[in-house]
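Subject: Structure handover

Hello,

Here is the structure for your set-up work. Please open it first, then read the notes below.

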Amino acid sequence: MIYEVSIDGKNHKLELNQMENRWECKLDGEKFEVDAVIARPNVLSLIVDGQAFEVKRERTASDLHLWVKSARFAVDVRDPRSLRSRRAAGGGVEGPQKLHAPMPGKIVRVLAPAGTAVTAGQGVLVIEAMKMQNELKSPKAGTVKQIVVSEGSSVGAGEVLAIVE
């Protein structure tokens with residue numbers, strides 16, 4: 001999986017590959033081995049090349065910040081694959097829109113079952129991946145036509161999870 005990550009306005013390329021019980025990461029081409037465990041909600045305990053770190057996530061309605069020790073970083077994570085698919089769909093606002101899994105993971109919660117009216121950006125599902133829970137949001141205002149997965153099911157990257165009309 002490849003992501004474009006902006007940390008305090010500086011752009012980076014992050015590549016993640018899961019290897020048995022650890023992650024192989026490349027940040028701007030530099031390779032790291034990472035062991036990650038969710039210590040408690042919004043707190044990730046990492047061991048990076050033998051060094052321990054505690055990363056705290058702070059999310060507001062519009063921003064994401066990560067705390068490492070006493071340093072706070074503004075973070076934006078983009079999956080280039082999803083950006084391409086949104087552009088190809090004409091901005092993603094007309095007609096039925098499919099909500100795809102951004103990475104392999106497990107569905108832990110359905111926030112908006114079929115038939116629920118949603119606004120653009122409203123949470124529809126929660127997927128757990130890389131030992132962190134991520135809320136997947138509606139690409140448009142409309143109604144959830146179908147939830148294709150159920151809580152507890154494993155999904156692959158790119159798999160259709162829901163359809164919003």
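What is the order of the strands in the open sheet of four strands? The order is β13-β12-β10-β15, with antiparallel pairing. Strands β13 and β15 (154–155) are the edges, each pairing on one side only. Strands here are DSSP runs of E, at least two residues long, numbered from the N terminus. Two of them pair if DSSP finds at least two bridges between them.

First, the ground rules. This is a predicted model, numbered from 1 along each chain as its sequence is written, in which local features need pLDDT of at least 70, side-chain atom pairs count only at pLDDT 80 or more, and totals for chains, interfaces and linings use all residues. Side-chain values use heavy atoms, with hydrogens and water left out.

Confidence

pLDDT is the predictor's confidence in each residue, from 0 to 100. The chain mean is 85, and 91% of the residues reach 70 or more. Watch residues 83–92, where pLDDT stays under 50. The model has seven contacts (heavy atoms within 4.5 Å) for that stretch beyond four places in sequence. Where pLDDT is low, the predicted coordinates should not be read in detail.

Strand pairing

β10 (residues 105–110) and β12 (residues 123–129) run antiparallel, joined by four bridges. Arginine 109 stands opposite valine 126 of β12.

β7 (residues 64–68) has two antiparallel partners to note. Five bridges join β7 to β6, with lysine 56 opposite tryptophan 67 of β7. Five bridges also join β7 to β8 (residues 71–78). There, leucine 66 faces phenylalanine 73 of β8. β7 and β8 form a hairpin with two residues between them.

Four of the five residues of β16 are buried, so the strand is largely enclosed by the rest of the structure. Buried means under 20% relative accessible area, exposed over 50%, and partly exposed in between (1.4 Å probe, protein chains only).

Positive phi

Two residues other than glycine are worth a check. Lysine 69, in the loop between β7 and β8, has phi near 55°. Lysine 69 is exposed, at 79% relative accessible area. Aspartate 28 has phi near 50° and is found in the loop between β3 (22–27) and β4 (30–40). Aspartate 28 is partly exposed, at 46%.

Second largest pocket

A pocket is an open set of points on a 1 Å grid over the protein atoms alone, where a 1.4 Å probe fits, with protein on both sides within 12 Å along at least five of seven lines. Lining residues have an atom within 4 Å of a point. Points are joined across faces, edges and corners, and the volume is the space filled by probe spheres set on them.

The second largest pocket holds about 290 Å³. Its lining has 15 residues, and Asn42, Arg57, Val126, Gln133 and Asn134 lie nearest the centre. β5 (43–48), β6 (51–59) and β13 (132–137) each supply at least two lining residues. β13 gives the most, with five. The lining divides into six nonpolar (Ala, Val, Leu, Ile, Met, Phe, Trp, Tyr, Cys, Pro), six charged (Asp, Glu, Lys, Arg) and three polar (the others, Gly among them).

Best wishes
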